[in-house]
Amino acid sequence: MRVLVTGGNGQLGSEWVSYLNRQEVEFIALPSSDFDLTDHADTRRVMGNLKPDLIINCAGYTKVDQAEEEPEKAFAVNSEGVKNLADYCASNNIKLVHFSTDYVFPGTKEDLQNYPQGYSEDHSTDPVNTYGESKLAGEQAIRESGCEFIIIRVAWLCGKHGSNFVKKMLKMGREREELNVINDQLGCPSFAHNVVQNCWKLVAENKLGTYHICSEGKISWYDFAKEIFEQMEIQVNLKPVSSSEFPAKAKRPAFSLLNTQKISNITGIKLIDWKEGLKNLLAELRV
Ligand SMILES: NC(=O)C1=CN([C@@H]2O[C@H](COP(=O)(O)OP(=O)(O)OC[C@H]3O[C@@H](n4cnc5c(N)ncnc54)[C@H](OP(=O)(O)O)[C@@H]3O)[C@@H](O)[C@H]2O)C=CC1
Ligand SMILES: Cc1cn([C@H]2C[C@H](O)[C@@H](COP(=O)(O)OP(=O)(O)O[C@H]3O[C@@H](C)C(=O)[C@@H](O)[C@H]3O)O2)c(=O)[nH]c1=O
């Protein structure tokens, strides 16, 4: 099997590179400079040359606040670029693995009450921001293309590579004496290493469809930050604040927990507890 990883320099793309290097599989990972999802003719030319059997699409526009100011850019990558990819996969019998987000869900306070175990894969979507809308449009394009696909929705993604909340907190915690972190947005982090491992299991077992992968638990960003500082023994005055006290261009869902029952049932995977996942990540970051 020949695998093409797109967005190969990003947080998740780099994690795939580390992982696939340890598997017996032929793969190539391309950065955005060599595979720009918005250049449809060029991406088709590259795919035509490489002739992959499987594409793992880690390319994405991920700037949640900036997307409110440049929606066309977010849609060009996350929707139109993904449609081009999926259509090509459908016509050339290539399997597509794609990553989407918890931000496709509305995350209302009512849903928090009604779905304490989180949103399941078939729950209705209704994004509250442009990034979420663009990612949802990408998902829909894949489903309509007729290609064989696995869509993995992940949330609050954190890994060794690239930028994420854990790394931001570590940096800010060392530079500042006081930090304000939101305590009224609930969800649970996906750890990149875990996502890749479990996703590869789905590929190996020839599973198709949409799956949620995150760790076990239900926490706020504040809980997450508090645990990061406790585990790292960093002294910082951490203050819980509401979303209204932490103004941002994009609205975030108040609740975006992903229910992971489906993948657990199908593969027998036991997803990692969030504190354990964090412990593993912090150990990786210390090396
Ligand atoms: N980060 C998170 O918290 C979450 C991420 N996801 C999804 O997971 C996927 C991976 O996210 P993550 O690795 O964290 O994101 P990153 O932002 O770390 O990586 C995204 C990669 O996509 C590349 N990219 C951007 N625009 C284009 C383009 N036009 N053509 C080709 N490549 C492009 C970027 O390249 P360059 O740097 O050169 O621009 C970057 O390498 C995305 O689809 C994202 O929506 C889902 C939920 C949570
Ligand atoms: C840096 C910082 C963030 N926050 C809040 C803002 C936000 O609500 C939350 C997380 O911050 P981030 O900058 O990581 O936010 P954000 O970019 O919204 O993270 C999202 O990225 C996209 C790509 C996804 O798909 C989502 O799953 C999610 O991970 O924490 C604080 O409260 N205090 C802080 O000092």
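Okay, let's start at valine 195, which sits in helix H7, residues 192-204. Helices here are DSSP runs of H or I with at least four residues, strands are runs of E with at least two, and both are numbered from the N terminus.

Before going on, a word on the model: it is a predicted one, where local features need pLDDT of at least 70, side-chain atom pairs count only at pLDDT 80 or more, and totals for chains, interfaces and linings use all residues. Residues are numbered from 1 along each chain as its sequence is written, chains are lettered from A and ligands numbered from 1 in the order in which they are written, and side-chain values use heavy atoms, with hydrogens and water left out.

So, is valine 195 buried or exposed? Buried, because its relative accessible area is 1%; the cut-offs are under 20% for buried, over 50% for exposed and partly exposed in between, with a 1.4 Å probe and protein chains only.

And what does valine 195 touch, leaving aside neighbours within four places in sequence? Leu12, Phe99, Val154, Leu157, Ser190 and Ile213, with contact meaning heavy atoms within 4.5 Å. There's also cysteine 214: 19 residues from valine 195 in sequence, and 7.4 Å away C-alpha to C-alpha.

Now over to the strands. Strand S3 is residues 54-57; Leu54 and Ile56 point one way, Ile55 and Asn57 the other, and all of them are buried. On one pairing, S3 runs parallel to S1, residues 2-6, through four bridges; pairing asks DSSP for at least two bridges between the strands. S3 also runs parallel to S4, residues 95-101, again with four bridges. Follow isoleucine 56 in S3: its bridge partner is valine 5, and valine 97 in S4 stands opposite isoleucine 56 too.

Zooming out, the protein chain has 10 helices and 10 strands. Its radius of gyration is 18 Å, close to the 19 Å from the globule rule for 287 residues, so the chain is as compact as a globular protein of that length. That radius is taken over C-alpha atoms, and the rule is 2.2 Å times the number of residues to the power 0.38. Along the principal axes, the C-alpha trace spans about 55 × 40 × 40 Å.
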